[in-house]
Amino acid sequence: MKDEKRYYVYVHRYKSGEKEGEVFYVGKGTGTRVHSNTSRNPHWHNINNKYGRTCEILFKGMTSSEACEKERDVILSMWRDTLCNLSDGGESGSAGLKHTEEFKRKMSELMVRISRERMAEDGWTHPCLGRKL
């Protein structure tokens with residue numbers, strides 16, 4: 001299957017400062033993950049905000065498990081305390097996670113309830129709320 005080999009391993013390097021060009025983060029991803037700022041730890045954000053980053057994909061065309069193994073190897077080949085990674089790598093994270101229909105329904109109900117409570121606190125209602133469209 002073509003989607004199986006869609007993972008890559010990447011690094012973020014300091015864009016400026018005394019450590020310019022040095023790696024501060026190693027990760028694995030698909031699509032545009034290498035350029036994403038979301039789901040990063042606070043230490044990563046501090047470095048990125050202060051120095052900026054350059055992105056480099058080291059290895060691509062791998063399965064999730066191959067990318068996890070390669071990520072772990074790259075992290076372990078560097079001085080661990082110079083990276084802002086919170087682990088030694090190799091976790092597959094939420095890749096391939098499928099929520100059940102029951103979970104999706106419960107989350108939807110929760111979000112609607114929270115939304116309505118917040119609107120009530122602010123003293124307004126949405127003009128379409130409660131209407132069939």
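Helices, of at least four residues, and strands, of at least two, are taken here as DSSP runs numbered from the N terminus. The model is a predicted one. On that basis the protein chain has three helices and three strands, and its elements follow the order β-β-α-β-α-α from the N terminus on.

The three strands make an open sheet with antiparallel pairing, in the order 2-1-3. Strand 2 (23-29) and strand 3 (53-62) are the edge strands; each has a single partner strand, so one side of each lacks a neighbour in the sheet. On average, neighbouring strands of this sheet are turned by 20° against each other, direction ignored.

Six bridges join strand 1 (residues 7-14) to strand 2 in the antiparallel sense.

| Residue | Residue opposite, in strand 2 |
|---|---|
| Val9 | Lys28 |

Strands of a sheet pair through backbone hydrogen bonds.

Helix 2 (residues 64-77) lies across strand 1, strand 2 and strand 3, and runs at about 170° to strand 2.

For the protein chain as a whole, 28% of the 133 residues count as buried. Among contacts between residues at least 6 apart in sequence, 55% join residues at least 24 apart.

Notes
Residues numbered from 1 in each chain as written. Predicted model: local features only at pLDDT ≥ 70, side-chain atom pairs only at ≥ 80, totals over all residues. Heavy atoms only, no water. Pairing = 2+ DSSP bridges. Axes fitted to C-alpha atoms, helices over the stretch in contact; angles between N-to-C directions. Contact = heavy atoms within 4.5 Å. Buried < 20%, exposed > 50% of the residue type's maximum accessible area, 1.4 Å probe, protein only.
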